[in-house]
Amino acid sequence: MFAFIVSRILQALPVLLSVALISFAMFAYVGDPVAIMLGQDYTQAQRDALVAELGLDRPFWVQFATFIGNAAQGEFGLSYRLSRPVADLIAERAPATLELAFTAAVLALLVGVPMGVYTGLYRNSWLSRFFLTFSLIGVSLPTFLIGILLILVFAVWLGWLPSFGRGDTVRLGAWTTGFLTVSGLKALVLPAITLGLFQLTLIMRLVRAEMLEVLRADYIKFARARGLPNRAVHFGHALKNTLVPVITIVGLQLGAIIAFAIVTETVFQWPGMGLLFIQSVGAADIPVMSAYLLLISLVFVTINLIVDLLYYAVDPRLRIGRGKGGH
Amino acid sequence: MAETLRRFFDSDLWFSFTRSPVTVLSAIVAAICILGAVFAPWIAPHNPFDLASLNLIDAFKPPAWTEEGARDYVLGTDDQGRDVLSAIMYGARVSLLVGISATVFATLLGVSLGLLAGYVGGAIDSLLMRICDIQLTFPSILVALLVDGVVRAVLPREVHADIALFVVIFAIGISEWPKFARTVRGSTLVERNKEYVQAARVIGVPKARIMVSHVLPNVIGPVLVVATLNLGLAILSEATLSFLGVGVPPTQPSLGTLIRIGNDFLFSGEWWITIFPGVALIAMVLSVNLLGDWLRDALNPKLR
Amino acid sequence: MRKLLMAAALGLALGAGMVEARTVRWSASGDPNTMDPHSQNLGTVTMVLQQIYDPLIQRTQDLGLAPGLATRWEQVEPNRWRFWLREGVKFHEGQDFTAEDVVFSITRAQAPTSNYGIFVDTIDRAVQAEPFVVDVITRVPDPILPNKIASVFIMSRAWSEQHNATRPQNTRAREEMHTVRATNGTGAFRLQTREPDVRTILVRNNDWWGWQEPASREGNVTEIIYRPISSDATRIAALLSGEIDFVLDPPLQDLNRLRAAQGIRVLEGPEVRTIFLAMDVHRDELLYSDVRGRNPLRDLRVRQALYQAIDIQAIHRTTMRGQSVVTGTFFPPQVNGYVQEEDVRLPYDQARARALLAEAGYPNGFGITLDCPNNRYINDEQICQAIVAMWARVGVRAQLNAMPLNLFFPKIQRDDSSIYLLGWGVPTLDALYSFQSLLRSRDGGQGNGIWNYGRYSNPRMDQLIDIMVNQSGEARNNAIREALRIYREDVPHIPLHHQMIPWAMRSNFQIPHMANNQPYFRWARMN
């Protein structure tokens, strides 16, 4: 077990390093941070001095090594745009993104799994057909369109829900939460639906497919033959066996949720990391962008690691070797 | 040729197609989208790229059936006086071009690497599958954003403007290849151990030839399904990138670009500028997805 | 327990004298990128800081000058301005306001890291003459110094020294600077909460010296919550649903809907900012054109043709939805030196434009790249698109290169453009600021031609600008008048319009509309 974890972590390191290289290389030459910092009026001498002091005139690899060294200590320098430590900016915004992602994931699970089970069991009922059509629309509608339409209907026409921001937040130590106020909860509804819809349909279709596979399996037929009631067969045997791939996908989708949060946060002006990222791209704010990308890849690598470990714990066959092709 | 056609119409595939009205409908919608896009230069009522034909006087005309609409502009005009219908046809052309090219690119890359991994095995297999694993943990849209960003950063602005379309195709293609590689590798592993392949190997047929002429034809079915399902996704990825402002250049607006531009006018009453491109995008993606679903079910008799 | 009682008693005592709590929630697209008063000369920064910090001289509601921290001022010698300071003023953290603070703040604005250099460009030094009198010594006689000093905020010297902030925010510093997120002014409001990009909360400073001034006596706002919302549609949706009370920059396309909406009021007024096209009239061959071996833009006829091909009324009506003032010159009537008779456009005439092009040797037009910002001025990219289409109709094949301002400004500042769209605001409200920056030959003199990226150069124009710098009275006015005529004849720019700036608010909120696009909440009322 320990050796397995160590080997996984060792495999993750080169990934992080290459992402670091990419994110650094990617943003090292975009935009012109110097001009942004200097504003509208400056002389060439002021400009050269600033370039030199920021180290932007040093060789690429030297800049990169400095970058890695600092990043390892959580030090990403000052945001060019806001002149505040990047680590602080990200720490301030992380709660917003995480609460949104968490709510969206819970929503997707709570609605997606029952819908998947239902459509798997009652393949030909009209409700199943409705769910399936609905899920196809969910997959076909781009996130940004869903967000815009929700705002149009629920915020502008009906005026029920707020269209932007997090509402009032409560500070709990370093964390700010919107879960404890009415306006915070109301503000969460539309973005969470927007973000969770795609995952919801995905989970539903996945659960359905797994249910169909499992219901055809011999041991189910056997269980039926033994005269077990439908209920016991469906929920005791079938659902239990569909859960492994569902857990995996949901785990992996947590990453997707955080990535798609970029779009959702942009549409709803949700003050999270995704919005920070997009705003930083617009201002060529290199330190923030690098930090965000490194952080995101760290999150993904961690999620992947945990999913691997879960697999390992759940499926004994994997302990012999992972020769089997992907799902 | 006629023989092939006859065989096609006699096939199970055609039969199941005609049996499903939803599938037929989506095929028709998809056909309209594709034909409208492909023949846009000949059948579109206006050419939105001919600047000399634009007139600011014609801007913000609502659709023809409304009170202030003009017969000339069926779906209205945008802020520069461009005909929305024509802009959609030209835009769908760009969206389709990017979607199809990206999918073809991803397919070629994924199939070759998947075949290689599955048939050769060993270290190459582990390496390729490890890369797949890693990349699959990143959502494809994020990968596309990243790749697009890298290329943008590397290329000077003027050069980038000329090849931006290819950059987007490349970025989306790169973000989708692992699915194909996984699928093909899985099927290849199965095929590899079948007797005819073993036999071919015993009589000394070269590896490359076995892969291409024996294994490949037998894995093409699943690839077709993945490709169809992927086309809708690729079109959506392009739309999202363009909506965020990092997709195709504004001189060649895709449906995503049109939606982004129109979004500014959504609440001000000029809804047609964004709604119609949005509807076109959804129709296109939905019909392609439905066809993909049907194809998957039809080719996988277990599910019938 | 005793503490609690005391606090309660104190609360009661304070409550008795206090205005009822009135909160204003407002929004604009951008967030200030610093709270340092001398670091960034940007409207988005000033719109928050001018609530907190006072300058020596304030702006009135029609942008005139009024006493601020100085009660009066006088040019006692050609090179010396004297300011008499207000006594008994305290900073938000309790420090007394003194002449030392004024000397310190002016010196701080002169520092290399300051972005306010243009407002103190003629100043040699500031010295304390008497306990509450400060002299500002200029290198050349500067008749418009008070106009410039009205943009320099006064900080506490003791506080700045205590927090290591004696120079404006140094972006090179590894550590975060205190002034980036903390403030200590003398103004009507003090900073309570600052979360960049999320919200900024100011609360009323009941001790402000100015509450007794007639203009602000009616002001009843006690708390200001600012939230930046960059998406146009979202910002407007928030205003309509009552989540915010006031939007500084409503998008033009939403104005009609806002005007029609229940409980929403739109204030309209001109801004002191002019939009025009400037072009490379210097190089022998353009960088971005298909004409080889010569520069078509050096030919007056070509400049006139491009000018006359533009249907400015159509842009005014459709692209700007009526929210612009079409102009033939490059600064608006609010600016000192404006002459009505010189504000005349070349008429829109496509036939004439084609004829001029043919005459100049381009019967089939030519190709050129138009550089344009896409997030700086109102509908900037749409204006450029419209112009490109209009030029296409006279045969000029322009390619539009629209980009965000952080790419656009460095590009034009490298002289790396053949023709570009620029908007020019005049914070000093004096014509010299525009002439000197935009049209003076670049000869290394401070401020000369620093925004003249087309490198227009006319010796007579330079002479006239030098007169504007050094002389006053009738001689100066005549120089401005002649320079404006040369501007019309030479066509160094293609003028388009002055921007209009609509503000939108809920009808229970009142605030005077300002041509510098700055909301002054001290004058605002919330009912």
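Colleague: Which residue is the bridge partner of C:R190 in β9(C)?

Modeller: The bridge partner of C:R190 is C:V203. This is a predicted model, in which local features need pLDDT of at least 70 and side-chain atom pairs count only at pLDDT 80 or more, while totals for chains, interfaces and linings use all residues. Residues are numbered from 1 along each chain as its sequence is written, and chains are lettered from A and ligands numbered from 1 in the order in which they are written.

Colleague: Why are β8 (189–195) and β12 (264–267) of chain C said to stand at the edges?

Modeller: The open sheet has 7 strands in the order β8-β9-β10-β1-β11-β19-β12 (chain C), with mixed pairing. β8 and β12 of chain C each have a single partner strand, so one side of each lacks a neighbour in the sheet.

Colleague: What makes strand β17 (residues 419–425) of chain C largely enclosed?

Modeller: A residue is buried if 20 or more other C-beta atoms lie within 10 Å of its own, exposed if 12 or fewer, and partly exposed in between, with C-beta atoms placed from the backbone. In β17(C), 5 of the 7 residues are buried, so the rest of the structure largely encloses this strand. Strand β13 (residues 270–279) of chain C is joined to β17(C) by 7 bridges and runs antiparallel to it, with C:F276 opposite C:L422. Strand β15 (residues 367–373) of chain C runs parallel to β17(C), with 2 bridges, and C:D371 stands opposite C:Y420.

Colleague: Why is A:P142 called buried?

Modeller: A:P142 has 23 other C-beta atoms within 10 Å, and the cut-off is 20 or more, so the term applies. A:P142 lies in the loop between α6 (126–140) and α7 (143–157) of chain A. Leaving aside residues up to four places away in sequence, A:P142 touches B:L236, B:A239 and B:T240. Two residues are in contact if their C-beta atoms, placed from the backbone, lie within 7 Å.

Colleague: How many residues of chain B are in contact with chain A, and of what classes are they?

Modeller: 30 residues of chain B are in contact with 31 residues of chain A. The side of chain B that touches chain A has 20 nonpolar, 8 polar and 2 charged residues (Ala, Val, Leu, Ile, Met, Phe, Trp, Tyr, Cys and Pro count as nonpolar, Asp, Glu, Lys and Arg as charged, and the others, Gly among them, as polar).

Colleague: How do you know that α8(A) bends, and where does it do so?

Modeller: The bend at a residue is the angle between axes fitted to the seven residues ending there and the seven starting there. At A:G196 this angle is about 40 degrees.

Colleague: What confidence does the predictor report for chain C?

Modeller: On the pLDDT scale, the predictor's confidence in each residue from 0 to 100, chain C has a mean of 88, and 94% of its residues reach 70 or more. Over residues 1–17 of chain C, pLDDT stays under 50. The complex has an ipTM of 0.75 and a pTM of 0.77 from the predictor.

How values were computed:
Helices (H or I, at least four residues) and strands (E, at least two) are DSSP runs, numbered from the N terminus. Two strands pair if DSSP finds at least two bridges between them.
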